[in-house]
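Subject: Structure handover

Hello,

I am passing this structure on to you. Please have a look, then read my notes below.

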Amino acid sequence: MELGPIWRAILRNKSSYALIALQIAVTMAIMVNAIAIIQERSSNMARESGIDEGNILTMTSIAFVPDTDMRSMIDEDLAMLRSMPGVVDAIATNSFPLRGGGWSMGLTTEPDESIDGIGTAIYFSDEHAINAFGTNLIDGENFALDEVVWNDEESSTWPATGTLTENLAAELFPDEQGSYVGKTVYINGGDPVKIVGILDKLQAPWNGWDSVENSMLVPNRRDGEFQRYVIRVEPGTLNEMIPKLEEAMAANKDRLIESVRTMGEVRERSYTGDAAMVTMLTFIVTLLTAITGLGIVGLASFSVSRRTRQIGVRRALGATKPEIMRYFMLENFIISGVGIVSGAVFAVALNIFMVQAFALTPLAWYVVPIAMIVLWLVGQAAVAGPARRASGISPAIATRSI
């Protein structure tokens, strides 16, 4: 099949073909960048939090009786929880990964308050935190019992020791080749904290935070009326343990137990926005692709009806059905090619802008080629029907239409 006649036919009707090419280009640009966002959000949703999510539940306790001895109540709660059959460990803490709220401070390696610190999520707890979270201590040791201190909610005193995530330690000491244990960091350039342990991973409570992998455990217990408990149970017993634990905690009538959730529920709530974004963008990409395919079908059908006599004449001159069909398929291939290549350039330019403006992850190298192939296939599939109808036009019918 000669490309010259096809190209000349396209130039004679360039406005309609240009609109289809433009539609394909816009679809290509939107598709590529939507896929990039879907990949980023899906990757975030699949990140490990660093804790034993499948066997952890959380609940909150709110004391409402005046002058309640909160320290005694917390100690009694934890002693009771830790002694229950099926419970691996339990802690009272200010927050946990994926919760969406908590404390953050800036850490520095010098006692200088003028230095901008590295953002760090702070988890207050005791020597049971590592076991209760189910996180992995890869260097150093756990807190000693005598390192754990009580502070009231208004206190600004920090404990002398802390356990950091490996990611945070590497960011604080980028040139360190050995162990981070024994080094000292400073909270907001002031209070010194000696590193006694390094955790493999323990995410911050905010899944959208740039420093989500930066966390620190401190042996600090808070005695406010509002307490948050993290309870880890034996594998496979979570569902049966929930009512037992809730009943045991509710036995104390001086407080209210609420927000009893598994970490699976916490994760689902935490990534609700990301999941909705993925669903919405997937729908948009599918819809745009379908509309583009319908546009190609419409243009091809119009072209066939407009060129019925021309097709009939070619059939009368000996053109076979495959040749007629190939003509329309190749014509669409050229139009789609113009739109897809233009769209690829636009997609890359748009992604560069979005990376700079919104700090998105740059496109993976394979996204553009895959999107180009998909749109080419959609175009060929869309034109196949009209091309088949064109190839079925008989010379006799075309002659009677003169």
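In which strand is S259 found? S259 lies in strand β13, residues 255-262. (Strands are DSSP E runs of at least two residues and helices are H or I runs of at least four, numbered from the N terminus.)

First, the ground rules. The model is predicted, so local features need pLDDT of at least 70 and side-chain atom pairs count only at pLDDT 80 or more, while totals for chains, interfaces and linings use all residues. Residues are numbered from 1 along each chain as its sequence is written, and side-chain values use heavy atoms, leaving out hydrogens and water.

Now the backbone. S259 has a positive phi, near 50°. Most residues other than glycine have a negative phi. S259 is partly exposed, at 29% relative accessible area. (Buried means under 20%, exposed over 50%, partly exposed in between, with a 1.4 Å probe and protein chains only.) L98 also has a positive phi, near 75°. L98 sits in the loop between β2 and β3 (103-108). At 2% relative accessibility, L98 is buried.

Next, β2. β2 pairs antiparallel with β12 (residues 226-233) over 6 bridges. (Pairing takes at least two DSSP bridges.) V87 faces V233 in β12.

Last, one contact across the sequence. N167 is in helix α5, residues 166-172. N167 and N214 are 47 residues apart in sequence, yet 6.2 Å apart in space, C-alpha to C-alpha. N167 is partly exposed, at 40%.

Best wishes
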